[in-house]
Amino acid sequence: MNEYQKVLVTGVKGQLGYDVVKRLNELGINCVGVDVEDFDLTDYEQVSSKVRLLQPTAIIHCAAYTAVDAAESNEQLCNLVNVKGTENIAQVAEYLKAKLIYISTDYVFSGEGESAFETDSPKAPCNVYGRSKYLGEQAAQKYCSRTFIVRTSWVYGLNGGNFVKTMLRLAAEHSSINVVNDQIGSPTYTRDLAVLLCDMVQTEKYGVYHATNEGYCSWAQFAAEIMSLAGKKTYVNPILSSEYKTAARRPPNSRLSKISLDFAGFKRLPHWKDALKRYIEELNSSVR
Ligand SMILES: NC(=O)c1ccc[n+]([C@@H]2O[C@H](COP(=O)([O-])OP(=O)(O)OC[C@H]3O[C@@H](n4cnc5c(N)ncnc54)[C@H](OP(=O)(O)O)[C@@H]3O)[C@@H](O)[C@H]2O)c1
């Protein structure tokens, strides 16, 4: 990427956007991070005028409506942010001839079966959030001709709430916790995903990718590893999803195939256990 490049990162106050900006700074790539205080993605006039002023050559679009359960009773708002917001960003990206990286999710798939979903496997989201993210993918591709779609899963980072932080909080309060053991996927550390996104944005290898930390586990296995690495004695009791009711249905199978990364010559992310170890170290050093 040459010195005239400028990357705009949406959702800088969220988990992923925060680490993407940090990584771009580490690489010395000119960037600006924005969030809802700077402009509301759902307002085309705001998006158009603010982004045109910033003149980015690439946009990494991390902002989204991510409250999966709340989305079930807030479908309109969820679609407004994830579909219309993405359409707005994609239109201005195209106007500026900028690249666009749209972050999507394993929730675009049905979650049925036991094999890993390929990037072109049929889409059949099982909840409102998943449908909105799939419509967002379509909007990004329709309106911007230089689009990367990057589907990830089970995201955790330093900046914001996530499953790891919830487990550590529960460990301080309980000697035993129930965690579902029949949903399988890959946890993803935002620092690792940010490294890939910042490599990708320096290329023109547009297309659809899956990017998670390597390896699969259930939420209960993930929780047990968190307890072990954090030195907590709390017992993780594996339960079925049918015993843990949530407003939004969750896909039982979130395995994503990473073959498209290999074909394009991108490096896969490290194993999820390695990532979790580094994350817990990062959490510990940030509270010291
Ligand atoms: N978290 C996961 O497990 C997961 C899994 C798969 C894919 N993803 C995708 O990965 C991306 C990053 O996720 P994340 O966990 O980093 O999300 P996050 O922490 O929830 O951050 C999203 C950011 O977007 C902002 N935002 C929401 N509505 C906006 C609007 N109308 N205009 C401008 N900004 C707005 C949010 O602000 P407020 O907080 O003020 O609303 C927040 O700062 C998202 O595209 C998400 O769909 C996440």
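Which residues does serine 153 touch, not counting residues up to four places away in sequence?

Reply: Serine 153 touches Asp106, Ser186, Pro187, Thr188 and Thr212, when residues up to four places away in sequence are not counted. Contact here means heavy atoms within 4.5 Å. This is a predicted model, in which local features need pLDDT of at least 70 and side-chain atom pairs count only at pLDDT 80 or more, while totals for chains, interfaces and linings use all residues. Residues are numbered from 1 along each chain as its sequence is written, and side-chain values use heavy atoms, with hydrogens and water left out.

Serine 153 is found in the loop between strand E5 (147-152) and strand E6 (155-156). Helices (H or I, at least four residues) and strands (E, at least two) are DSSP runs, numbered from the N terminus. The relative accessibility of serine 153 is 2%, so the residue counts as buried. Buried means under 20% relative accessible area, exposed over 50%, and partly exposed in between, with a 1.4 Å probe and protein chains only. The side chain of serine 153 reaches the backbone oxygen of serine 186 at 2.8 Å, and Ser186 is also among the residues that serine 153 touches. The distance falls under the heading of a polar contact, which is a pair of N or O atoms within 3.5 Å; within protein, one must be able to donate a hydrogen and the other to accept it, and residues adjacent in sequence count only if both atoms are side-chain atoms.

Asparagine 253 lies in the loop between strand E12 (235-239) and helix H9 (259-264), and at 2% relative accessibility it counts as buried. The side chain of asparagine 253 makes a polar contact of 3.0 Å with the side chain of arginine 255. Leaving out residues up to four places away in sequence, asparagine 253 touches Gly111, Glu112, Gly113, Glu114, Ser115, Phe117 and Ile184.

Aromatic rings come next. Trp154 belongs to a cluster linked by ring pairs, together with Tyr156, Phe163, Tyr189, Trp219, Phe222, Trp272 and Tyr279. Rings of Phe, Tyr and Trp (its six-membered ring) pair if their centres lie within 6.5 Å; planes under 30 degrees apart count as stacked, over 60 as edge-to-face and the rest as tilted. The whole structure holds 13 aromatic pairs. Trp219 and Phe222 are also buried residues of helix H8 (residues 219-229), along with Ala220, Ala223, Glu225, Ile226 and Met227. An α-helix has 3.6 residues a turn, so residues three or four places apart point the same way. Just after H8, glycine 231 takes a positive phi of about 70°.

The charged end of arginine 52 sits over the ring of tyrosine 95, 4.2 Å from its centre, and lysine 205 lies over the face of phenylalanine 266 at 5.1 Å from the ring centre. The test requires NZ of Lys or CZ of Arg within 6 Å of the ring centre and within 35 degrees of the ring normal.

Glutamine 55 has one of about 55° and lies in the loop between helix H2 (44-54) and strand E3 (58-61). Lysine 97, with a positive phi of about 60°, lies in the loop between helix H4 (75-95) and strand E4 (99-105). Lysine 97 is exposed, with a relative accessible area of 60%.

Helix H5 (residues 128-143) includes valine 128, which is buried at a relative accessible area of 3%. Beyond its neighbours within four places in sequence, valine 128 is in contact with Ala71, Glu72, Glu75 and Cys78. Arginine 131, also placed in helix H5, is partly exposed at 37%. With residues up to four places away not counted, arginine 131 touches Glu75 and Pro125.

For the whole protein, the secondary structure comes to 10 helices and 12 strands, and buried residues make up 52% of the 288 residues. Among contacts between residues at least 6 apart in sequence, 81% join residues at least 24 apart. The C-alpha trace spans about 55 × 40 × 40 Å along its principal axes.
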